Each structure stands twice: as C-alpha cells, then as structure tokens.
Amino acid sequence: MIETQFGPIYEPVHDESRMIYDWLVRFQHALDGSRAYEDMVKIYQALEFDLSEQNKRHVG
C-alpha cells in the first residue's frame, strides 16, 4: 500500500495491473499531487475494478 494525496492505493489483486502499480510507487515522490499522477491513479483503480467485475462474471 502507498499513501498518496488522493488516499491510499492498495497493491493489485490482478497481475495485469501490477505494472501500473509499480509505476505509481516509483514516481510517487516526484509526481504525487499532479494531474498526471491523479489520472494514473484513476486508470489503475478502474482497471482493478473492471478485472474484479470480469472475474465475478466468470466465476458466478
């Protein structure tokens, strides 16, 4: 988990979003609070949500 100005960001549940999470960790110090970082956080969270929903449909 990393703590950002936008709140906590948890490690990914899905391998597909690991690269984005690693990017967020690597550039947090330099970019946290910027519009670009905020956009990447939103992309990461949306990807995690979409993958979770997709998993639910396949399991259920």
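In what pattern do the α and β elements follow one another when the chain is read along the sequence? The pattern is β-β-α-α, and the tally is two helices and two strands. Helices here are DSSP runs of H or I with at least four residues, strands are runs of E with at least two, and both are numbered from the N terminus.

A quick word on the source: this is a predicted model, where local features need pLDDT of at least 70, side-chain atom pairs count only at pLDDT 80 or more, and totals for chains, interfaces and linings use all residues. Residues are numbered from 1 along each chain as its sequence is written, and side-chain values use heavy atoms, with hydrogens and water left out.

Take helix H2 next. Its 25 residues reach 36 Å from first C-alpha to last, close to the 36 Å expected at 1.5 Å a residue (that is, 1.5 Å times one less than the number of residues). Tyr37, Val41, Tyr44, Glu48 and Leu51 are its buried residues, buried being under 20% relative accessible area with a 1.4 Å probe, protein chains only. Their cover includes these elements, counted by contact (heavy atoms within 4.5 Å):

| Element covering H2 | Residues |
|---|---|
| Strand S1 | 2-4 |
| Strand S2 | 7-9 |
| Helix H1 | 18-31 |

As for the whole chain, its C-alpha atoms fill a box of roughly 40 × 15 × 15 Å along the principal axes. Of the 60 residues, 27% are buried. Among contacts between residues at least 6 apart in sequence, 52% join residues at least 24 apart.

Note on methods. Buried means under 20% relative accessible area, exposed over 50%, partly exposed in between (1.4 Å probe, protein chains only).
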